[in-house]
Amino acid sequence: MIEFKDVSKTFDAKTGTVSAVKDVNLVIPDGKIYGIVGYSGAGKSTIIRMLNGLEAPTTGSVTVNGSEISALKGKALRDQRLKIGMIFQHFNLLWSRTVLENIEFPLEIAKLSKAERKAKALKLVELVGLKGRENAYPSELSGGQKQRVGIARALSNDPEILLSDEATSALDPQTTDEVLDLLLDINKKLNLSVIVITHEMHVIRKICDHVAVLDAGEIVEQGPVLDVFKNPKQAITKRFVNQETDTGSADDTNIAVEEMLKKYPQGKIVKLTFHGEQASSPIVSETLRQFDDIDLNIIEGNIHQTQEGSIGSLYIHLLSDNQQSIDGTLAYFQTLRVETEVIERG
Amino acid sequence: MVDTGIGSYFKFSNVDWSSMGTATWETFWMTAVSIIVVAVLGFLLGLLLFETTDSDSLLIKALNWIVSAIVNIFRSIPFIILIVLLLPATQVIMGTIIGAQAALPSLIISAAPFYARLVEIAFHEIDRGVLEAAEAMGATKAQIIFKVLLPESLPALVSGITVTAISLIGYTAMAGAIGAGGLGNTAYLDGFQANNNAVTLTATVIIVLIVFVFQFIGDFAVKRIDKR
């Protein structure tokens, strides 16, 4: 378990003191993937770097599995660091070493014998799917492959925690997904706690169990990922959630809705939001069977998968000569426990 | 009668090949020994400069300032003056002020600070992130130096020592002219002073060849070790 208690960090800059992290209180359970999301400069890196003592809090304490990192020094700190793996945005591999030698590097630091190092590194090469590339140098690898080496290296000392510092931010979308799948796989296989910091909500949605939103050094919102996606409270969280759930056509949808409202003044435009199981039930066809004098027009829809279930939204246009049928349909949606929002003119 | 025309350059019958061989060996020996010492000393000084950069501790700041000042002073003294300046010290250290051995202290003292700066630059070129990654893995300072700093900057260290070696060859010729022996001595005494232009030309060609050999070895080594 990881605990941040009243952690603040200030830096002395030429322009005065800069407050990077303010009163952060966090408890991160074992075996989960915990995401911290924020824009650049929000203090994410400072927070994650406190977990392996690369950064010390100005006030407060950081405790990892019972030992207070923020109080450790010298050998005790180095021994603790052996138990924490870290992966980086720019991979930070040694160009002078092959894939295998890079993975063996932390084992050399831990003073394992040559034979033990090799055996362990070979296993990890296989785990991260780089079999056959053991003797390649980093310059011969693609970005995704380099990050796989980074992950294997971070895992070599059997860490209790894996820290991921914007590990997919330098990768293209497809490679990002491959690396995220690998992290998820490792989390499940090794029951390893993973702390992910990122500015991409996509990463949070895809692999995280819990998320904390960081804004200007403060945690403004936290909770299970599905809850935060369903019901974002802070404006910044809404921005992050929209960044992921909008299909990029949000503006188009708004224009289409406006047009529809003008064209069919008698109908109703409704936004339905689905969570979890509802997302897979055939709501539209059921509705049409229930109310045979209803016409239903789908404007836009999307669905996203998170670790705890799906979340989706659907814009529909209800048309009927019979006002009662429309009201009945809206009431019917309520019984299906679908969030319903009637979009009014204006 | 002394022949001083262009044709005199090619009167190779005037060249004493055995003393030319000895002089070549002396130049080579002076260069080789001083390079080895300069490589070690320059590496240590460069490391000291690198490790003491941007420290918060006042003591370390002072150390950096002192080392930096010494390096800058010895780098600024023209070599020919440095030799003369160091003559008394050379007498004490080497027991003589004549011959190849006597050239070593001034060669080393002038080249080591130069190489130290190249080493410092080479270390600064290493990606900060890689050093931080090693630190995050729990590496000790010694492990970072020998497992990260040294191998990751090796191509720059090798090309730096190549550049240093070549300027050292130039210095040995200068030292030779005032009594250290070697090809510089031959070119000056047996060539210039004796109006024997063929000797001067031969010494020049041999020095150029030695420079080429060092450059070739250096370039080849860099190519082999650089996997970027």
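Modeller: Contact means heavy atoms within 4.5 Å. In chain B, among contacts between residues at least 6 apart in sequence, 76% join residues at least 24 apart. The model is predicted, with local features needing pLDDT of at least 70 and side-chain atom pairs counting only at pLDDT 80 or more, while totals for chains, interfaces and linings use all residues. Residues are numbered from 1 along each chain as its sequence is written, chains are lettered from A and ligands numbered from 1 in the order in which they are written, and side-chain values use heavy atoms, with hydrogens and water left out.

Biologist: How many helices and how many strands does chain B have?

Modeller: Chain B has eight helices and zero strands; helices (H or I, at least four residues) and strands (E, at least two) are DSSP runs, numbered from the N terminus. The order of elements is α-α-α-α-α-α-α-α from the N terminus on. Along the principal axes, the C-alpha atoms of chain B fill a box of roughly 75 × 40 × 25 Å.

Biologist: Why is B:Ser110 called buried?

Modeller: Buried means under 20% relative accessible area, exposed over 50%, and partly exposed in between (1.4 Å probe, protein chains only). B:Ser110 has a relative accessible area of 6%, and therefore counts as buried. B:Ser110 belongs to helix α4 (residues 100-125) of chain B. Leaving aside residues up to four places away in sequence, B:Ser110 touches B:Phe79, B:Leu82 and B:Tyr171. Of the 228 residues of chain B, 43% count as buried.

Biologist: What makes B:Asp54 exposed?

Modeller: Its relative accessibility is 74%, which is over 50%, so B:Asp54 counts as exposed. B:Asp54 sits in the loop between α1 (17-51) and α2 (58-76) of chain B. Phi of B:Asp54 is near 55°, a positive value in a residue other than glycine.

Biologist: What makes the pair A:Glu108 and B:Lys147 a salt bridge?

Modeller: A salt bridge is a side-chain nitrogen of Lys or Arg within 4 Å of a carboxyl oxygen of Asp or Glu. The closest N and O atoms of A:Glu108 and B:Lys147 are 2.7 Å apart, so the pair forms a salt bridge. The count between chain B and chain A is three salt bridges.

Biologist: What is the area buried between chain B and chain A?

Modeller: Buried area is the accessible area (1.4 Å probe) that two parts lose on being put together, summed over both. Between chain B and chain A, this area is about 2000 Å², of which carbon and sulfur atoms give 61%. The contact takes 22 residues from chain B and 23 residues from chain A.
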